[in-house]
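I opened my notebook to look up one residue first.

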Amino acid sequence: MKTSMRNRCLTLVLLALLGALFAPAVLAQVAITPQIYTIDLGKADQTYSFRLMNFSKASIPMTVSVINWTMNAKGDVEPAPLTEQSLAPWLQINPTTFTLPADGSQVVRFAIRPAVPLSPGEHRAMIYFNQQAQGQQPKGTFRVLFRLGAAVYARVPPYTMQGEILSARPDAHGVSFEVRNTGNATARMIGDYVVWKKGAVPAGSPWPAQLGQPTFKPPLGLAASGALPLDADLPGLTRSVRLEFEDKKGLAPGAYVLFLRGTFGTPSITRELGFTVAPAAH
């Protein structure tokens, strides 16, 4: 089954990657933190851990499994065949079977100990925490079991995160990006955007003071603002990424200017794009 990268934190992948990527993901009163590990294998051998938390009044039997994975151009996560260079076989996980106590938690530790030298670049694995059925199921009913996934990105130096924006197409509700990663490690856009009504862009800098702060109040003429999408772009992948403006009503008809700033892996992002929102057809 294919699952969008944006939803993987609750089904196949917890990605999400960052700031928000390290907040707990919750499903069926169960949470896991962190959601993603990015590990430099050039550093000393270490042990890492996840904590699963059960907020329900019933204990939950669990098992742990791990797979190799990749991503397609739509951002869907897909299982990938195992090779000697795959990360999954070299993850040592403890425990792999346990009962998550009611109103309690369980720590699951893992280490990465390859039996062969891994090539420079990025190697990925997905650790799944799978609910197991328990008790007799009444006849004529079925039980939905949950599965949480946590992504592990392990990098062997030298590695580069080299993302680029091939195109950006703004519209009334957001921006459609076509992006490409020419490096050998996953890259993400980290930064923010502002959309001004044409003619209202302030002199000097389009970036208002306090942008992104809880107390920020949009000045007159600022039509939209927010963070760039954190969707992952894997090495060698060209894919589409969608940014939705926070105001679901969209921009009113008129002329606008979009500004982008931030980084895409190592490269910096700076864009200024004029666009027009046409009146709705009747």
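I started with Pro208, which is buried, with a relative accessible area of 15%. I noted that the model is predicted. The cut-off for buried is under 20%, so I filed Pro208 there.

Next I looked up where Pro208 sits. I found Pro208 in the loop between strand S16 (189-197) and strand S17 (222-227). I then listed its contacts, leaving aside neighbours within four places in sequence: Val194, Trp196, Phe216, Pro219 and Leu222. I also checked Ser225. Pro208 and Ser225 are 17 residues apart in sequence, and 10.0 Å separate their C-alpha atoms.

Then I moved to charge. Side chains of opposite charge can pair when their charged atoms come close. I found nine salt bridges in the structure.

I looked up Arg155 and Glu122, whose side chains form a salt bridge at 2.9 Å, N to O. Arg155 belongs to strand S13 (residues 147-156) and Glu122 to strand S12 (residues 121-131), so this pair ties together parts 33 residues apart in sequence. Arg155 is buried at 8% relative accessibility. Glu122 is buried too, at 10%. I also saw that Glu122, Arg124 and Arg155 are linked in a network of salt bridges.

My last pair was Asp171 and Arg242, with a salt bridge of 2.9 Å, N to O. Asp171 is in the loop between S14 and S15, and Arg242 is in strand S18 (residues 238-244), so the pair ties together parts 71 residues apart in sequence. Are these two buried or partly exposed? Asp171 is partly exposed at 27% relative accessibility. Arg242 is partly exposed at 25%.

Conventions
Residues are numbered from 1 along each chain as its sequence is written. This is a predicted model: local features need pLDDT of at least 70, side-chain atom pairs count only at pLDDT 80 or more; totals for chains, interfaces and linings use all residues. Side-chain values use heavy atoms; hydrogens and water are left out. Helices (H or I, at least four residues) and strands (E, at least two) are DSSP runs, numbered from the N terminus. Buried means under 20% relative accessible area, exposed over 50%, partly exposed in between (1.4 Å probe, protein chains only). Contact means heavy atoms within 4.5 Å. A salt bridge is a side-chain nitrogen of Lys or Arg within 4 Å of a carboxyl oxygen of Asp or Glu.
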